[in-house]
Amino acid sequence: MIASVHGTVLAVRLDAAVVEVGGVGLLVQATPATLAGLRVGQPGRLFTSLVVREDALTLFGFADDDERDVFETVQTVSGVGPRLALAMLAVHTPDGLRRAVAQEDLAALMRVPGIGRKGAQRIVLELGERLGAPAPTAGAAAASSSADHREQVVEALVGLGWPLRAAQDAVGSVLDGSPAPVGADEVPGVLRAALRSLGSARA
């Protein structure tokens with residue numbers, strides 16, 4: 001198993017990056033939030049999970065080993081493959097998924113493209129406590145840093161190559177001018193929606 005890769009980032013796309021390791025460019029699938037932390041021409045490290053199929057070897061990359069462990073654990077649910085597992089982590093943080101499962105929050109799970117009510121119920125039933133307990137949240141601290149979370153989405157879009165003004169406009173469009181705080185768990189979802197908005201505008 002390839003547990004991690006570390007090398008020069010040769011390319012960053014919306015759904016994957018190419019990391020050069022020992023003269024070989026490895027294509028690594030990842031979430032937009034993870035890819036936003038990479039810079040072309042700079043060293044990058046990703047924790048990885050290798051998925052072996054009859055017709056392909058696919059490498060999935062994550063910002064830390066907790067994300068990778070959650071990615072592998074959710075695939076133990078019947079009907080959840082690597083693509084859907086990655087989509088879950090594109091919408092929710094690992095702790096966000098833990099809270100959704102622990103609280104049986106079907107609506108939160110159904111925000112992931114490809115997961116309906118029955119799928120959400122199956123995830124809650126089959127995962128149980130296998131994801132572990134989420135980290136305790138500090139309401140006041142989260143509220144005080146809400147502005148930083150909104151800016152984090154903008155910075156991620158800029159890191160993916162979008163102009164600052166376009167990134168700010170896309171985030172504003174997704175949030176529809178709402179002054180409500182953007183929680184840490186919402187960052188991946190807002191980022192994903194902003195990328196869709198920017199892609200539509202480019203088209």
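Visitor: Are Phe 60 and Phe 71 buried or exposed?

Guide: Good place to start! Buried means under 20% relative accessible area, exposed means over 50%, and partly exposed lies in between, with a 1.4 Å probe and protein chains only. Here Phe 60 is buried, and so is Phe 71. Please keep in mind that this is a predicted model, where local features need pLDDT of at least 70, side-chain atom pairs count only at pLDDT 80 or more, and totals for chains, interfaces and linings use all residues. Residues are numbered from 1 along each chain as its sequence is written, and side-chain values use heavy atoms, leaving out hydrogens and water.

Visitor: How many aromatic pairs does the structure hold, and how is such a pair described?

Guide: A pair of aromatic rings is described by the distance of the centres and the angle of the planes. Rings of Phe, Tyr and Trp (its six-membered ring) pair if their centres lie within 6.5 Å; planes under 30 degrees apart count as stacked, over 60 as edge-to-face and the rest as tilted. This structure has 2 aromatic pairs. In one, Phe 60 and Phe 71 sit 5.2 Å centre to centre with 40° between the planes, a tilted pair. Phe 60 belongs to strand β5 (residues 56–62) and Phe 71 to helix α2 (residues 65–74), so the pair ties together parts that are 11 residues apart in sequence. Phe 62 and Phe 71 have ring centres 4.8 Å apart and planes at 45°, so this pair is tilted.

Visitor: Which residues does Thr 34 touch?

Guide: Contact means heavy atoms within 4.5 Å. Not counting residues up to four places away in sequence, Thr 34 touches Leu 46, Gly 61, Phe 62, Ala 63 and Glu 67. Thr 34 lies in helix α1 (residues 32–35), and its relative accessibility of 7% is why it counts as buried.

Visitor: What are the helices and strands of the chain?

Guide: They are DSSP runs numbered from the N terminus: helices are H or I, at least four residues, and strands are E, at least two. The chain has 10 helices and 5 strands.

Visitor: Which residues are buried in α9?

Guide: In α9, they are Ala 167, Ala 170, Val 171 and Leu 175. They cover an arc of only 125° around the axis, which puts them on the same side of α9. That arc is taken from the directions from the helix axis to the C-beta atoms. After α9 comes Asp 176, with a positive phi near 55°.
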